[in-house]
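Here is a short note to read beside the model. Keep the 3D view open and follow the points in turn.

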Amino acid sequence: MNNFLLIHDFLKKYKKLFVNELFIPPKVFVKQEPRSNSGAKYELKKYENLICNCQECHLSEIRKNFVFGTGDPNADIVFIGEAPGAEEDSKGLPFTGKAGKLLNKILSAINMNRHEGVFILNVLKCRTPDNRDPLPSEIEKCMPYLQKQINIINPKLIVALGKVAGKTLIKEDMPLKNMRGITFDYCGKPLRVTYHPAALLRNQNLKRLAWDDFQWIKEYMNELNG
């Protein structure tokens, strides 16, 4: 019996008992308990084991390590770069070089760190030759992995670091300065774009702008968390 017939049968029986008065009980709101950290950790580790030997594109032939990502499985914020660099490829962890150290300092300045409330990853899981920009075909192969990670972590905010990550997620090619200060939507999650830490190392003048972006991130998270 389909749902419509079940409902119809229920209402006929109800009418015999209560004539034409339909009693609707008050709503009872059941508070959903947050997913346990161990559960999310298990889901991410299981997924990492599933995809870590990926050979969907030629980058698998030249990588040293598949760089899945690292951080808090129940993170409120996910930071997304474009692809691993040489040191990240060597260690198998994202943002471990000079840019990563700068990111750590910035996070510390807004009372955050990469181990609590934060998860860091890249659009691509493998290093590109000579750190060139990812090719559309490479992004296409890796995007399902990124989307699955975001679904598991379920963050409150996504932050794209750099133009490549930004334009990939918003699906529009524009100067990074035009992406800043706008809250985009990515699969139902708020998305902001700021400068990649590597760009800040190359151009000191961008640090003030990036700091403004991270101040916004701090204030936004404070408002969300009360």
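**Notes on the fold**

1. **Overall make-up.** The protein has 9 helices and 6 strands as its secondary structure. Keep in mind that this is a predicted model. The protein has 226 residues, and 43% of them count as buried. Its accessible surface is about 13700 Å². Carbon and sulfur atoms account for 53% of that surface.

2. **Contacts along the chain.** Take the contacts between residues at least 6 apart in sequence. Of these, 73% join residues at least 24 apart.

3. **The sheet.** In what order do the 6 strands of the sheet lie? The order is E1-E3-E2-E4-E6-E5. The sheet is open, and its pairing is mixed. Strands E1 (70-71) and E5 (184-186) stand at the edges. Each has a single partner strand, so one side of each is left without a neighbour in the sheet. As background, strands of a sheet pair through backbone hydrogen bonds, either parallel or antiparallel.

4. **Strand E4 and its partners.** E4 covers residues 157-161. It runs parallel to E6 (residues 189-194), and 4 bridges join the two. Here Ala160 has Val193 of E6 as its bridge partner. E4 also pairs with E2 in the parallel sense, again over 4 bridges. In that pairing, Phe79 stands opposite Val159 of E4.

5. **The two faces of E4.** Are the residues of E4 buried or exposed? E4 is mostly covered, with 5 of its 5 residues buried. Leu157, Val159 and Leu161 point one way. Ile158 and Ala160 point the other way. In general, the side chains of a regular strand alternate between the two faces of the sheet.

6. **Helix H6 across the sheet.** H6 (residues 163-170) lies across strands E2 (77-81), E4, E5 and E6. Its angle to E4 is about 130 degrees. H6 is mostly covered, since 6 of its 8 residues are buried. Those buried are Val164, Ala165, Gly166, Thr168, Leu169 and Ile170. What covers them includes E2, H5, E4, helix H7 (176-179), E5 and E6. Just after H6, Lys171 takes a positive phi of about 60 degrees.

7. **The nonpolar core.** The largest nonpolar core has 58 residues. Which residues have the most contacts inside it? They are Phe79, Ile80, Leu169, Phe214 and Ile217. Helix H5 gives the largest share of this core, 8 residues. In soluble globular proteins, nonpolar side chains tend to be buried together.

8. **Leu169 up close.** Look at what Leu169 touches, leaving aside neighbours within four places in sequence. It is in contact with Ile80, Met143, Leu146, Ile158, Ala160, Tyr186 and Leu191. Ile158 and Ala160 on this list belong to the residues of E4 that point the same way.

9. **A buried Glu.** Glu138 sits in helix H5 (residues 136-153). Its relative accessible area is 1%, so it counts as buried, the cut-off being under 20%. What does the side chain of Glu138 make a polar contact with? The partner is the side chain of His58, at 2.9 Å. Not counting residues up to four places away in sequence, Glu138 touches Cys57, His58, Leu59, Leu124, Thr128 and Arg132.

Terms used: Residues numbered from 1 in each chain as written. Predicted model: local features only at pLDDT ≥ 70, side-chain atom pairs only at ≥ 80, totals over all residues. Heavy atoms only, no water. Pairing = 2+ DSSP bridges. Contact = heavy atoms within 4.5 Å. Axes fitted to C-alpha atoms, helices over the stretch in contact; angles between N-to-C directions. Buried < 20%, exposed > 50% of the residue type's maximum accessible area, 1.4 Å probe, protein only. Polar contact = N/O pair within 3.5 Å; in protein donor to acceptor, adjacent residues only side chain to side chain. Core = buried A, V, L, I, M, F, W, Y, C linked by side-chain atoms within 4.5 Å. Areas by Shrake-Rupley, 256 points an atom, 1.4 Å probe, with all protein chains shown as cover.
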